[in-house]
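This report describes one protein chain for a reader who is new to structures. Please look at the sequence and the model before reading on.

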Amino acid sequence: MTLLAAPTTTPAAAESDLLEIERLEPTIGARVHGIDLDRATDEQVRAIRAALAEYKVLFFAGQHDLDPDRQIALGRRLGELTESHPVVPGVDEDHPEIYALDSANGGFADIWHTDVTFVRRPPLGSVLRAVVLPPTGGDTQWADLELAYRSLSEPVQRLADQLVAVHDGTREFGYYLAQREERTKWEGEEFRALVPIEHPVVRVNPDTGRKGLFVNPGFVSHIKDVSDAESRYLLDLFYAHITKPEHIVRHRWSVGDVVMWDNRSTVHYANRDYGNQRRVMHRITFRGEAPVGPFDA
């Protein structure tokens with residue numbers, strides 16, 4: 001199964017018939033009320049997939065029945081799961097699909113990024129569950145890459161359409177990979193080195209046909225075939241534009257919260273403002289496809 005495969009229910013119908021949805025921002029983010037994800041019907045699962053394509057990030061409160069087994073079971077109903085991460089093993093041997101973000105072990109992400117864009121087929125989307133939360137702080141923010149593209153001036157859109165970015169996971173995960181003798185696999189491939197990969201700067205979402213910027217400061221090293229200075233200026237322009245407040249939705253976590261997002265149309269940032277308090281999140285990700293640019297779609 002592919003996440004967000006052509007839905008049988010339109011987002012409008014999903015809202016009115018199966019899901020109680022509260023839109024949070026004009027183009028990104030919605031709270032879904034009155035649903036128990038552990039007991040969702042097949043029709044509700046299809047409606048969630050349709051709503052995710054429309055709102056990009058979905059927030060579910062009070063999902064206290066979800067544990068590692070049930071989170072994975074939910075994920076398998078929504079799409080095809082990947083391993084936890086190309087170089088980081090799963091939370092335990094019984095749950096290789098769960099990536100544990102534990103602040104006590106360096107598991108934080110205080111840089112704007114889209115998950116695992118340094119592979120040929122970055123994840124399509126993610127489901128994140130709050131496990132342990134600090135008493136204050138630890139919010140997560142998501143920015144709308146499609147709105148960011150649409151709100152660029154037309155000449156800059158045309159320039160972006162032509163560009164290719166190089167994504168490299170070495171800065172974030174190279175040292176970890178070098179220190180770890182045991183190897184994990186991602187889509188059947190064992191990563192012994194992180195080889196830079198090229199993706200279009202503008203990506204076309206195959207499920208909606210919408211264009212979005214597909215660059216992030218977490219993993220993009222440079223723009224291909226331009227000078228270093230031009231690359232820095234272009235990326236700085238894109239990043240400043242993507243993270244404008246009007247492109248962002250922010251979530252304050254409670255235990256039992258679950259958030260789903262479309263990894264193809266968003267970047268996110270986990271606030272690291274909780275000092276030495278512990279924060280633990282469990283993430284699963286959905287198998288994606290190779291990004292396609294405007295001239296390849």
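The model is predicted: local features are given only where pLDDT is at least 70, side-chain atom pairs count only at pLDDT 80 or more, and totals for chains, interfaces and linings use all residues. Residues are numbered from 1 along each chain as its sequence is written, and side-chain values use heavy atoms, with hydrogens and water left out.

## The whole chain

The protein chain has seven helices and 17 strands. Helices (H or I, at least four residues) and strands (E, at least two) are DSSP runs, numbered from the N terminus. The radius of gyration of the chain is 18 Å, close to the 19 Å that the globule rule gives for 297 residues, so the chain is as compact as a globular protein of that length. Here the radius of gyration is taken over C-alpha atoms, and the globule rule is 2.2 Å times the number of residues to the power 0.38. Along the principal axes, the C-alpha atoms fill a box of roughly 55 × 45 × 40 Å.

Of the 297 residues, 53% count as buried. Buried means under 20% relative accessible area, exposed means over 50%, and partly exposed lies in between (1.4 Å probe, protein chains only). The accessible surface of the chain comes to about 13,400 Å², and 48% of this surface belongs to carbon and sulfur atoms. These areas come from the Shrake-Rupley method with a 1.4 Å probe; for residues, only the protein chains shown count as cover. Among contacts (heavy atoms within 4.5 Å) between residues at least 6 apart in sequence, 84% join residues at least 24 apart.

Three strands form an open sheet in the order 10-7-13, with antiparallel pairing. The edge strands are strand 10 (197-200) and strand 13 (220-223), and each pairs on one side only. On average, neighbouring strands of this sheet are turned by 35° against each other, direction ignored. For this angle, axes are lines fitted to C-alpha atoms, for helices over the stretch in contact, and angles run from 0 to 180 degrees between N-to-C directions.

Two strands pair if DSSP finds at least two bridges between them. Strand 7 (residues 164-167) is joined to strand 13 by three bridges. Val166 stands opposite His222 in strand 13. In general, strands of a sheet pair through backbone hydrogen bonds, either parallel or antiparallel.

## Salt bridges

How many salt bridges does the structure hold? There are 29 salt bridges, each being a side-chain nitrogen of Lys or Arg within 4 Å of a carboxyl oxygen of Asp or Glu. Three of them are listed here.

| Pair | Distance, N to O |
|---|---|
| Glu22 and Arg31 | 3.4 Å |
| Glu187 and Arg121 | 3.2 Å |
| Lys224 and Glu198 | 3.1 Å |

Glu187 lies in the loop between strand 8 (185-186) and strand 9 (189-190), and Arg121 in the loop between strand 4 (99-102) and strand 5 (125-132), so this pair ties together parts that are 66 residues apart in sequence. Arg121 is partly exposed, with a relative accessible area of 25%.

Lys224 is partly exposed at 32% relative accessibility, and Glu198 is partly exposed at 43%. Salt bridges that share partners join Asp36, Asp38, Arg39, Asp65 and Arg70 into one network.

In the pair of Glu22 and Arg31, Glu22 is partly exposed at 32% and Arg31 is partly exposed at 37%.

## Two positive phi angles

Most residues other than glycine have a negative phi. Glu187, named above for its salt bridge, has a positive phi of about 55° although it is not a glycine. Glu187 is partly exposed, with a relative accessible area of 29%.

Asp225 also is not a glycine and has a positive phi, of about 65°. Asp225 is found in the loop between strand 13 and helix 7. Is Asp225 buried or exposed? At 71% relative accessibility, Asp225 counts as exposed.

## A buried leucine

Leu152 lies in the loop between helix 4 (145-150) and helix 5 (154-162). At 9% relative accessibility, Leu152 counts as buried. Not counting residues up to four places away in sequence, Leu152 touches Gln157, Leu213, Leu237, Phe238 and His241. Leu152 and Phe238 are 86 residues apart in sequence and 9.1 Å apart in space, C-alpha to C-alpha.
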